[in-house]
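These are my notebook entries on one structure. I record what I looked up, entry by entry, with the criteria I applied.

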Amino acid sequence: MMIILLGPPGAGKGTQAKIICQARELFHFSTGDILRNEVKNKSNIGKKIDSIINSGKLVSDDIILDIVEKIIIDESSKNKGILFDGFPRNIDQANSFEKLLKKKEKKINLVFHLLIEKDEIIKRIQKRQSEENREDDTVEVLKSRIDVYLQETTPLIELYTKQGLLKKLNGMQSIENVNNDMSKFLDEIN
Ligand code: AMP
């Protein structure tokens, strides 16, 4: 099973992904977590992307697609599927992803779109900043991340709606209620 989670920063993608993946034996694939790890370990990739992540811009598609291909090969057989949290982030990534999945004889089963209001995004990111100390959770960088989301990622909503894959979720609800809504859709395809 291949599931995508779409939504702006602070929509609750990571929180929901953790719960769903544990309950359904899916691999939680957060591109953001993997990239932050590269930065932390000061790897060659990490050194290249450090300033990009901390400015709120997108890391190059080549770097991301290499990571994605590796994860699909390594994790598909070990789990019941993969939940993509933070990928794809633009139309080029979505197109490359589709080709890659075809090559591996796989397909996207569902795309969740977590909807949340801007005021709530700011509140949640400020809370996360005090808890996790992520360098890109400042108000300044957040602005850039929201702009990038609106310009580059939101076209995916139309793409996946046309493909009949998109399910909208009210991300302003409690964690439990969002999770219940997701579960209903996942039960339907199981
Ligand atoms: P996230 O944890 O998903 O909010 O991602 C944090 C940062 O990692 C983003 O602001 C980007 O700089 C980078 N990033 C994560 N996923 C991607 C992706 N699919 N394509 C490009 N950059 C990404």
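I count a contact when heavy atoms lie within 4.5 Å. I worked on a predicted model, in which local features need pLDDT of at least 70, side-chain atom pairs count only at pLDDT 80 or more, and totals for chains, interfaces and linings use all residues. Residues are numbered from 1 along each chain as its sequence is written, and side-chain values use heavy atoms, with hydrogens and water left out.

**Entry 1**

I began with His113 and listed its contacts, setting aside residues up to four places away in sequence. His113 touches Leu6, Tyr149, Ile157, Leu166, Lys167, Lys168 and Leu169. I located His113 in strand E4; helices (H or I, at least four residues) and strands (E, at least two) are DSSP runs, numbered from the N terminus. For accessibility I take buried as under 20% relative accessible area, exposed as over 50%, and partly exposed as in between, using a 1.4 Å probe and protein chains only. His113 counts as buried because its relative accessibility is 7%.

I then turned to Glu75, which lies in helix H4 (residues 61-75). Its relative accessibility is 13%, so Glu75 counts as buried. With neighbours within four places in sequence left aside, I found Glu75 in contact with Phe27 and Ile82.

**Entry 2: the sheet**

In what order do the five strands of the open sheet run? I read the order as E2-E3-E1-E4-E5, with parallel pairing. Two strands pair if DSSP finds at least two bridges between them. Strand E2 (26-30) and strand E5 (166-170) are at the edges; each has a single partner strand, so one side of each lacks a neighbour in the sheet. From one strand to the next, the twist averages 20°. Axes here are lines fitted to C-alpha atoms, for helices over the stretch in contact, and angles run from 0 to 180 degrees between N-to-C directions.

I looked at one pairing in detail: five bridges join E2 and strand E3 (residues 81-85) in the parallel sense. Within this pairing, I found Ser30 opposite Asp85 in E3. Helix H2 (residues 31-40) packs on the sheet and touches E2 and E3, and its direction makes about 60° with that of E2.

**Entry 3: aromatic pairs**

I describe a pair of aromatic rings by the distance of the centres and the angle of the planes. Rings of Phe, Tyr and Trp (its six-membered ring) pair if their centres lie within 6.5 Å; planes under 30 degrees apart count as stacked, over 60 as edge-to-face and the rest as tilted. How many aromatic pairs does a search of the whole structure find? The search returned five.

One of them is the tilted pair of Phe84 and Phe87, at 6.1 Å centre to centre with 45° between the planes. I found both Phe84 and Phe87 buried. Phe112 and Phe185 form a tilted pair, with 6.1 Å centre to centre and 50° between the planes. This pair links distant parts of the chain, 73 residues apart: Phe112 is in strand E4 (residues 110-115) and Phe185 is in helix H9 (residues 175-189). Phe112 counts as buried because its relative accessibility is 0%, whereas Phe185, at 22%, counts as partly exposed. I also noted a cluster in which ring pairs link Phe29, Phe84, Phe87 and Phe97.

**Entry 4: the ligand**

Which of the 16 residues around the ligand come nearest? I listed Thr31, Arg36, Lys57, Gly86 and Gln93. I then checked polar contacts, meaning pairs of N or O atoms within 3.5 Å. An N or O atom in the side chain of Arg36 is 3.0 Å from an oxygen atom of the ligand. For Lys57, a backbone N or O atom lies 2.6 Å from a ligand oxygen atom. For Gly86, a backbone N or O atom lies 2.9 Å from a nitrogen atom of the ligand.

**Entry 5: backbone geometry**

I found a cis peptide bond between Phe87 and Pro88, with omega about -10°. Pro88 is placed in the loop between E3 and helix H5 (91-103).

Glu105 is not a glycine, yet its phi is positive, about 55°. Glu105 lies in the loop between H5 and E4 and counts as exposed, at 74% relative accessibility. Asn133, a residue other than glycine, also has a positive phi, near 60°. I located Asn133 in the loop between helix H6 (118-132) and helix H7 (139-153), where Asn133 is exposed with a relative accessible area of 59%.

Methods
Near = heavy atom within 4 Å. Polar contact = N/O pair within 3.5 Å; in protein donor to acceptor, adjacent residues only side chain to side chain.
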